[in-house]
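Here are my notes on the model shown below. Please read them with the structure open.

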Amino acid sequence: MGRVALAESVDRDANRALRARFDEVYGDYQRLRSGLDELQARLADLRVTERSEDGQVTAIAGARGELISVELHPSVFHDRDAKALSRKITATVHRAGAAAVAATQDLVAGYLPASSGTADFLRTGDFGSLLGRADAVLRRGE
């Protein structure tokens, strides 16, 4: 086999490997893209309900942690301690918002590749995980 034939063979092998990697990455992208409509619908429907320990206050939060509603059991009006009721409502609303954000993070992470910096960011809130892959690539290029 001559040098030209050997070079062509190596080029073909490299092209096959590149094509296989491209097909894999493109397949991941297509799966992610096809799941976005479902994800948007699930996020739009996401509701998290939290109740105070005594069951007098119920708070419902949406996917972004936004308050959807607060429901008060009629028994809250028997105790005329407005400050205590205010604290109970505030605590219940905060728990509902935090639980909704956590549920959203879990839901979105399920649609992302496990090794994705975005999935890590959603779980940890660490901005470094978003840039970790880019930083590694830049370090290799230096």
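**Notes on the hairpin, a surface patch and a ring pair**

1. Start at the hairpin of β2 and β3: four residues separate the strands, and Gly 65 there has a positive phi near 85°. Strands here are DSSP E runs of at least two residues, helices H or I runs of at least four, numbered from the N terminus.

2. This is a predicted model: local features need pLDDT of at least 70 and side-chain atom pairs 80 or more, while totals for chains, interfaces and linings use all residues. Residues are numbered from 1 along each chain as its sequence is written, and side-chain values use heavy atoms, without hydrogens and water.

3. β2 (residues 57–62) and β3 (residues 67–72) pair in the antiparallel sense, over five bridges. Pairing requires at least two DSSP bridges between the strands. Ala 59 has Val 70 in β3 as its bridge partner.

4. Val 70 also belongs to a nonpolar surface patch of about 350 Å², together with Leu 67, Leu 72 and Phe 77. Patch residues have over 30% relative accessible area and no salt bridge, with nonpolar side chains joined within 5 Å. A salt bridge puts a side-chain nitrogen of Lys or Arg within 4 Å of a carboxyl oxygen of Asp or Glu. Areas are Shrake-Rupley values with a 1.4 Å probe.

5. Phe 77 sits in the loop between β3 and α2 (82–109). Phe 77 is exposed, at 54% relative accessible area (exposed is over 50%, buried under 20%, partly exposed in between).

6. Which rings pair? The ring centres of Phe 22 and Tyr 26 are 5.8 Å apart and the planes at 10°, so the pair is stacked (centres within 6.5 Å, planes under 30 degrees apart). Both residues lie in helix α1 (residues 3–45), four residues apart. Phe 22 is partly exposed at 45%, and Tyr 26 is partly exposed at 41%.

Technical notes:
Rings of Phe, Tyr and Trp (its six-membered ring) pair if their centres lie within 6.5 Å; planes under 30 degrees apart count as stacked, over 60 as edge-to-face and the rest as tilted. Buried means under 20% relative accessible area, exposed over 50%, partly exposed in between (1.4 Å probe, protein chains only). Patches are made of residues with over 30% relative accessible area and no salt bridge: like charges are joined within 9 Å, nonpolar side chains (Val, Leu, Ile, Met, Phe, Trp, Tyr) within 5 Å.
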